[in-house]
Amino acid sequence: SSSSSSSSNRIDIYQKEGRRRTTPTSISTSTSTSTSLQMVNGSKNDRPPPYPIRITVMGGGNFGLALATVAARKNIPTTLLLRDEETAQIINTTHRHPRYMTDISLPTLIRATSDAALALSDATYVIHAVPCQYSRQFLMDENVKDLIHPSVPVLSASKGIETTSLGFMADILRDCLGTDRSYAFLSGPSFAREICENVATAVVIASEDLMLA
């Protein structure tokens, strides 16, 4: 039918752009509508390379490792951005972290580096998994804002309130990375080890950008 063809075409378009979209049943706010339309109608020059998907995870703690593992198991090239190059090389050689969940074998599609420019220059999605209290310093020290393409969305898996500013992660990310890009925030009763071990869990992603969510 014509409706089936239209639906198929929409799916093909978003798959080619490296994103998956679930059509919402309703749109509740004008802000979400504006953001979503802006991403659909934006200039091609303002977008990152759409395919293939490349994910960079900032932070190599337990949850950063877990989310990198999830992405790599989906056959998505994934880069871990760490502070310590020695740790990065150990991960690349042994496919295990020397301190966190040392018994977990990491997928070979995960590559680790301490070079922020190398890790972020071609990322199509960025996951922020640096602990909340260290996030601002990490983002400013590594000059992350200038290394991520302006239209690359950022998913935050960090939780908490910054003690110095009483700001949430949404505040920290917008302060450090700007207000124009899309953000999403992951939360839920999940444990890094269980994620790596494929134990069933449930999480929620919140975003003002409907297409990103």
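## A salt-bridge network

Asp103, Arg193 and Glu197 are joined to one another in a network of salt bridges. The structure is a predicted model, and a search of the whole of it finds 6 salt bridges. Side chains of opposite charge can pair when their charged atoms come close.

## Salt bridges between distant parts of the chain

Arg54 and Asp122 form a salt bridge through their side chains, at 3.4 Å from N to O. This pair links distant parts of the chain: Arg54 is in the loop between α2 (30-41) and β1, while Asp122 is in the loop between α5 (116-120) and β4, 68 residues apart. Arg54 counts as buried because its relative accessibility is 16%, under the 20% limit. Asp122, with a relative accessible area of 37%, is partly exposed.

A salt bridge also joins the side chains of Arg83 and Glu142 (3.4 Å, N to O). Arg83 belongs to the loop between β2 (78-81) and α4, and Glu142 to the loop between α6 (132-141) and β5 (154-156), so this pair ties together parts that are 59 residues apart in sequence.

## A bridge between two helices

The side chains of Asp175 and Arg136 meet in a further salt bridge, again with an N to O distance of 3.4 Å. Here the pair links helix α7 (residues 169-177), which holds Asp175, to helix α6, which holds Arg136; the two residues are 39 apart, in distant parts of the chain. Asp175 is exposed, because its relative accessible area of 53% is over the 50% limit. Arg136 has a relative accessible area of 25% and is partly exposed.

In soluble globular proteins, nonpolar side chains tend to be buried together. In this model, the largest nonpolar core has 29 residues, of which Ile55, Val57, Phe63 and Leu80 touch the most other members. At least two residues of this core come from each of β1 (55-58), α3 (62-73), α4 (85-94), β3 (110-113), β4 (125-128), β6 (183-187) and α8 (192-196). Helix α3 supplies the largest share, 7 residues.

Apart from this core lies another, of 21 residues, including Leu139, Val152, Ile172 and Leu177.

## Contacts of Val57

Leaving aside residues up to four places away in sequence, Val57 touches Gly64, Ala68, Thr78, Thr79, Leu80, Leu81, Ile127 and Ala129.

Definitions and conventions
Residues numbered from 1 in each chain as written. Predicted model: local features only at pLDDT ≥ 70, side-chain atom pairs only at ≥ 80, totals over all residues. Heavy atoms only, no water. Core = buried A, V, L, I, M, F, W, Y, C linked by side-chain atoms within 4.5 Å. Buried < 20%, exposed > 50% of the residue type's maximum accessible area, 1.4 Å probe, protein only. Helix = DSSP H or I, 4+ residues; strand = E, 2+ residues; numbered from the N terminus. Contact = heavy atoms within 4.5 Å. Salt bridge = Lys/Arg side-chain N within 4 Å of Asp/Glu carboxyl O.
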